Amino acid sequence: MKKSLRAILWAALVCAACTGKEEPVDNTPVVRTVRVEASDLEIPPGGNVTLPFVVEDKDATFQEVKLLQDGGREPDEFSLREIVRGAERGVYQAVIQDAGKGKNYDLNVRLAIIQRNASTGNEYVVQSSAFRVFSEADPPGTVRTGLPVVYVDTQGSKPVTSKETYVKASLKIRGTEELEGLDATSCEIRGRGNTTWYWPKKPYLIKLDEKQHIFGMHKHKRWVLLANFMDRTLMRNLVSMKVASMMSNLAWTPGCQPVELVLNGKHMGSYLLIEQVRVDNHRVAITEMTPQDNVGDAVTGGYLLELDFHYDNEVQWTDPHGHNNQWGNGIPFGVKYPDPDDLTPQQLTYIKGYISETANVLYGNNFKDPEKGYAKYIDIDSFIDYWIVFEVMGNHELGNPGSVFMHKDRGGKLVAGPCWDFDWGVLSYNTSPQARTGLINHSAIWYGRLRQDPAFEAKLKARFNELLPKLQTIPDYMDECERLLTESAKLNFAMWNPAEDASQNGGNIINGDERMSFHDAVARLKSIYKDRLQVIPTKL
């Protein structure tokens, strides 16, 4: 704690009296008076405000400026970002920045100018009169948890009740000190999800009228608000995307950020704003097709495929090869791109044929052949990294399969990814009791056959060992997420009860932590994750 000006001057006088020595002369002009030009400053959340001030001794110089409360403490609710020199001598502006902690405040502070005697090095402090700094009044539905707040207001406050029909709306984002907000922009909103849409807390799809950067992510129109209703930790998707982002052989992993959602003035709880899986230069970066791409090299890509037992894609089929835990043999494939309205019969014939040929070779006698076997058709490195993410996170959906993606670029092989939808049963012994001692996805889709190739198995083991040091940092990341989400969790679970997920699971809760406290659920998640890192290498 800095000494007050009175204490510093008194100590200097006492010292001079005791020694009988005169203070060395420093003829540099000093600040003797500082006057602030405002008495009340209101700061918007995550924003800043400017305080004009005048130094009466216009030729004086000073080394440092601080904001001090009574007692000499610097406030942590806001800070002095910079000092801007005015056009006239002795006139300045102090830029005061909200710290983005998501808390209301109303404090009296002073501007303290700190000078140092060039000859002695002694510090001298001159303070302004006190002025008030307070947080901006909250609009209806505002919540302060330290997370950014996404405000969506539909036209006429129309409710969002459909997964098919968009409602016109406006979206704006209140940022934090680290994350920039977004001014009001026109958009449309609708529901999304399969099982998750039928739970009380709804997920949403946002389509902006114009592409926008959000939280530093690449410009796009389409964004998803995941509700994480069933997840007591609020971080299963967040942590999974972190793990996936460590996989250099996965072409793209959706960026995401926890937020609060306020819909038509009502706080809806803690959400995860995440990039939607779409074909785009900055998302799934494959060749964009046209209806004229029907022959030769042009018809070979790009395609985005989803494997999902819900069979809710407009264009879909079942390939008889492989293993599907949900329905037995056969894998459900669906075309996500090209869009159904643009997909031609020739393109559908091609991609179905490519999948069939890949599966025929994979389950054929010469599947291990490095030139004529499965390696000719699939990108092995991506399939290995994709499997590791699902296995480490204990996600059995690779075997259902559900929300499993593959893509194929023009002239290229079939590539695994991106990762998506990691909330159901992730890091849970409830849904995957075999995870205590073994693997979850040892025979999922095509992996049972792939792992019969010693070369694939050796490569899988080597890759896991290579990634292990990175994977071992995830418990620390979980601790960071816990701190970030603590205040959000308090409000979220005062509104929503994740144990209601039992209504769609035969009366049984799904993840197994739905009735725990937030902190106990996070501890359980972390413990199971650490177990996975111990168990997996023993089975490779």
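Which helix holds both Lys490 and Glu487, and how many residues apart do they lie? The first legend answers this; the model shown in every view is predicted.

**View A. Lys490 and Glu487 in helix α7.** Both residues lie in helix α7, 3 residues apart, which is about one turn of the helix. Lys490 counts as exposed, at 53% relative accessibility, whereas Glu487 is partly exposed, with a relative accessible area of 38%.

**View B. A salt-bridge network that includes Glu74 and Lys66.** Within it, Glu74 forms a salt bridge with Lys66, and the closest N and O atoms are 3.7 Å apart. Lys66 is buried, with a relative accessible area of 12%; Glu74 is partly exposed, at 43%.

**View C. The salt bridge between Lys459 and Asp381.** The closest N and O atoms of this pair are 3.0 Å apart. The pair links distant parts of the chain, as Lys459 is in helix α6 and Asp381 in helix α4, 78 residues apart. Lys459 counts as partly exposed at 39% relative accessibility, and Asp381 counts as partly exposed at 30%. The count for the model comes to 25 salt bridges.

**View D. Helix α8 and the helices it packs against.** Helix α8 has 18 residues (518-535) and should span 26 Å at 1.5 Å a residue; its end C-alpha atoms are 26 Å apart, which agrees. Its buried residues include Phe518, Leu525, Tyr529 and Val535. The buried residues of α8 pack against α2 (236-245), α4 (380-392), α6 (454-471) and α7 (474-495).

Definitions and conventions:
Residues numbered from 1 in each chain as written. Predicted model: local features only at pLDDT ≥ 70, side-chain atom pairs only at ≥ 80, totals over all residues. Heavy atoms only, no water. Helix = DSSP H or I, 4+ residues; strand = E, 2+ residues; numbered from the N terminus. Expected span 1.5 Å × (residues − 1). Buried < 20%, exposed > 50% of the residue type's maximum accessible area, 1.4 Å probe, protein only. Contact = heavy atoms within 4.5 Å. Salt bridge = Lys/Arg side-chain N within 4 Å of Asp/Glu carboxyl O.
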